[in-house]
Amino acid sequence: MHDDSWIRVEVSYALPDQQWLLTINVPENCRLAEAIERSGLHDKVPGGLPADGRYGIWSKLATADAQLQDGDRIEIYRPLIADPKEARRIRAKQKAEDSNASS
């Protein structure tokens, strides 16, 4: 292989108290899932990576078979603890109840 047949990508993952950002070289025809595997991140993260397989490239959702480009940043998303819409509804309801209680 020639040097120009490789590209550089970043693989990122974050927990509430720790984050990883690894820069790796992969073949230019590499797919997202292969890059994650090559990064070795699964072995570095306590408990491994999420099994649900949600990924992004530069904050845009991507599939495991997405073709990578030189300079891409792969983001591995973890499941949300709470649905953001539901959390807003609960806060609004609590605020209204607190306002009524103080009146």
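**Figure 1. Contacts of Lys60 in the predicted model.** Leaving aside residues up to four places away in sequence, Lys60 touches Tyr55 and Tyr77. The model shown here and in the following views is predicted. Lys60 lies in strand E4, which spans residues 60-62. Its relative accessible area is 63%, so Lys60 is exposed, the cut-off for this class being over 50%.

**Figure 2. Lys60 and Glu75.** In sequence, Lys60 and Glu75 are 15 residues apart. In space, the distance between Lys60 and Glu75 is 9.0 Å, taken from C-alpha to C-alpha.

Figure 3. Ser39 belongs to helix H1, which comprises residues 32-39. With a relative accessible area of 8%, Ser39 is buried, because this class holds residues under 20%. Not counting residues up to four places away in sequence, Ser39 is in contact with Val11, Leu22, Ile24 and Lys44.

**Figure 4. The buried side of helix H1.** The buried residues of H1 are Leu32, Ala35, Ile36 and Ser39. These residues lie on the same side of H1, because they cover an arc of only 100 degrees around the axis. The elements that cover them include strands E1 (6-15), E2 (18-27), E3 (54-57) and E5 (73-77). Strand E4 and helix H2 (41-44) also take part in this cover.

Key
Residues are numbered from 1 along each chain as its sequence is written. This is a predicted model: local features need pLDDT of at least 70, side-chain atom pairs count only at pLDDT 80 or more; totals for chains, interfaces and linings use all residues. Side-chain values use heavy atoms; hydrogens and water are left out. Helices (H or I, at least four residues) and strands (E, at least two) are DSSP runs, numbered from the N terminus. Buried means under 20% relative accessible area, exposed over 50%, partly exposed in between (1.4 Å probe, protein chains only). Contact means heavy atoms within 4.5 Å. The arc is that of the directions from the helix axis to the C-beta atoms.
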